[in-house]
Amino acid sequence: MRRASLIASVIMILLSIGIFLEASTFKKAEAAIAEGPGFYPQLLASTLAILSLLIIYNTLRKKDDVKLMFFNKRVVYGTIIIIAYCIIFNFLGFALSSIIAMAFLVKIMGGTSWKTIIISSTVIPVGIYLVFNNLLQVPLPWGIFENFL
Amino acid sequence: MDNLLFGLTNLMNIKYILLIIGGVAGGISIGALPGLTATMGVALLLPLTFGMEPIAGMLLLVGIYVGAIYGGSISAILIRTPGTPAAAATVFDGNEFAKRGEGGRAIGISTTASFIGGFISTVALITISPTLAKFALKFSAPEYFALALFGLTIIASISGESLLKGLASGVIGLLVASIGLDPMTGFPRFTFGRSELLQGFAFIPVMIGLFAVSQVFANLSEGFKKRKVDQKVTRLIPTKEDLKKMLPVSLRSSLIGTFIGAIPGAGADIAAFVSYNEAKRWSKHPEKFGTGIVEGVAAPESGNNGVTGGAMIPLLTLGVPGDAVTAILLGALTLQGLQPGPLLFKDHGDIVYTIFIGLLFANIVMLVMGLCGIKLFTKIVSVPDYILTPAVFVLCIVGSYAINNNFLDVVVMLAFGFLGYMMQKIDMPASPIVLALILGPMAESNLRRALVLSEGDWSIFVTSPISLTFLIFSAVSMAWPIFRKVYEGKMDKRVQAKM
C-alpha cells in the first residue's frame, strides 16, 4: 500500500506539472475578462501537486503496511481479453465479439462446466442485443457483417 | 395540490406503472447482489432509457434507485455481506438475526424500515422542493458558484480515513472536467487538436467506467466465491411489538437520511452509519446494539432509504446532485434535453410532479415486493460471480457505446474503469471525481461569469447574503475534518491518561 500510494502521488505530481505547463500555453483573451482559460487548470494542477506532496508525507510517516496485489493471473488475462475485445469489436460487431469475450471471461472467473460457459455466453449477449436493438430501438453494430443483414 | 393530482393522473398509465415495477424489481436484485451497487445499477441500466421519453426513463431509474438501496440489506442480513455500501451498517444487527435463524424477521423489519424512510423523504421532497425552487430562481452567478463550491468542499468532510486522497480525487475530477472548450472564451483546453475532445469526456462512459468496470476488475482480482443462503426465510411481516420498537427509531433515521441526502456529496452509506450511531446514542440500552435487535436494523435501513428522496431535492431544485446516484440521474436528465434546476419546475412541472408521485409509488412497490417476493430475491443472491461479472462487462460496453454510437466512448469507459480499479486498491474514493465532473464546470463558469458581472471585483461573492452563507458553510465543511481529528486526538489522550 505504501509503495503504491507513493507511486500514485509521484504520477499525480508529474501529471500536474504537465498540466501546468500545457495550460501556460493557453492564450489569454484580450478582453476585460479577469482570468484567461489557463488560470483555472493551473490553479487545480498546483492544488493537486500540493495534495500529492501531503499524501507522500503522510505515507512516509506511517509504518504499518498492507500488502497490495494489483495484478494476479485473472486480472492480467481479463485485461488481455478486454483489449482483444476492443480490437475485434470493429470487425465482428457487438454480438459476436461479446459472445467470444464473455466465454473467455466466464472461463477465467471460474465457470468450469462447458455447458455453463456456452449457455451463459450466448444467452446473455444475444438477450442484451435483442433488448437494445429490437425493444429499445438502440442499434448495435455488426461490423463487417453489416452488409449481409 | 393540483400539481400532485396532475402527477397522479399522469402516472396512471400502464406503461409507467410497469416501468416502476420493473425498475424496483431490477433494483432490488442489483442491490442484493454483492458487488453491484445502486450507483452501478443506475449507471448500467441508464442506456435502457436512451430511446424512452423523459418521464418513462426517469421513472425506471428512480425505481432502480429505491429498490437497490433497499436490496442491499437482503445480503447484509442473510450472508453477512452488504449488497451495497449503503447496507454496510445493517450487517451488525441484521446478521445476528440470521444467525439465530430469524433472517426473515430481520428482512421484514428492514423492508418496513426502508419503506418508512423512502416514504417520509419523498414527502419531504414534495413539500420542500417547490419552495426551494422558487427561492433558487433568485440565484445568479455568484450564488451558483458558492453553492458549487459548497458541494465540492463536502467531499473533504466525507472522505473519512483518506481525506487527502479524497481531495486529490476531487481535484482530478475537476481537471477532467476542464477538458474541452473553455466555457467563457471558447478556447480548446487539453484537446491536443482532436475534435472529439472539444466537448470534453462524455459523462456517462466515465461514470460506467469508474463504478461498474472498476468492479469487473475487482471481481477478476478476487475470483469466484460461492454465496449461499442456508436458511429458509419465513415470518416476514413484522409483529406489532417489532413495529412499536422500530417506529420512533425509523422516524428519526428517516429525517437524518433525508437531511444527509439533501447535502450535496453525502450519500446513503454515510446516512446509514450516522442513523445507526444516533439510534445507539439515543437508546436506553446502547449495549444491546450489535447483538441483533430491532432498532439496529431499522435505523440504518430507514436512514439509507431516507436519502433517496433527500438527494433528489438539490438535484431537481438546484441542479446539484445530492449523491453519486443522483449525479447519474442528472446525466440522464441532461441527455433527455432537460436541465435540472429551478427552471425545471416552471417549464416542465408535469415531469417533476410525475417523478414525485412515481417515487411514492416506487416505495409502495418496494414494500410489497420485499414482503411477498423475498424468496425470489434470496435466489438471486446465489447467482455465481462467473456469470455476473462477464454479464456486467457486456452491459458496460453497450451502455457506453449506445450513447453516441461511438467506440471512443467505450475506450474512455475502459480507461476510467482501470483507473477506478487502481484507485480502489489504494483507498482513493471514486465518487469525488464524479461530483467534481458535475460541479466543476458549474463552479468555474459561474465564478468567471460573476467576475465579469462585477468587473473583476471579488467582493461580489460576499455582498450577496446567499452566496456568503454558502461560502461560510464551505469554510466550515473544510475545517470540520481537521477539527474532528484534533478533537478525537485530545479524547484519545484523555482516555490514555486515565488508563
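## Chains A and B: a working chat

Thr59(A) counts as buried, because its relative accessibility is 10% (buried means under 20% relative accessible area, exposed over 50%, and partly exposed in between, with a 1.4 Å probe and protein chains only).

User: Before we go on, what kind of model is this?

Analyst: This is a predicted model, in which local features need pLDDT of at least 70 and side-chain atom pairs count only at pLDDT 80 or more, while totals for chains, interfaces and linings use all residues. Residues are numbered from 1 along each chain as its sequence is written, chains are lettered from A and ligands numbered from 1 in the order in which they are written, and side-chain values use heavy atoms, with hydrogens and water left out.

User: Ok, so where is Thr59(A), and which residues does Thr59(A) touch?

Analyst: Thr59(A) is in helix 2 of chain A (helices are DSSP runs of H or I with at least four residues, strands are runs of E with at least two, and both are numbered from the N terminus). Leaving aside residues up to four places away in sequence, Thr59(A) touches Arg2(A), Ser5(A) and Leu6(A), where contact means heavy atoms within 4.5 Å.

User: Switching to the interface, how many residues does each chain put into the contact?

Analyst: Chain A gives 61 residues and chain B gives 58 residues. The area buried between the two chains is about 5200 Å², and carbon and sulfur atoms give 83% of that area; buried area is the accessible area (1.4 Å probe) that two parts lose on being put together, summed over both.

User: Which elements of chain A give two or more residues to the side that touches chain B?

Analyst: Those elements are helix 1 (2–24), helix 2 (39–61), helix 3 and helix 4 (114–135) of chain A, and helix 3 gives the most, with 17 residues.

User: What about Phe91(A), where does that one lie?

Analyst: Phe91(A) lies in helix 3 of chain A, which covers residues 73–109, and Phe91(A) counts as partly exposed because its relative accessible area is 48%.

User: Last one, is Leu451(B) buried or exposed?

Analyst: Leu451(B), which is found in helix 19 (residues 431–453) of chain B, counts as buried, because its relative accessibility is 4%.
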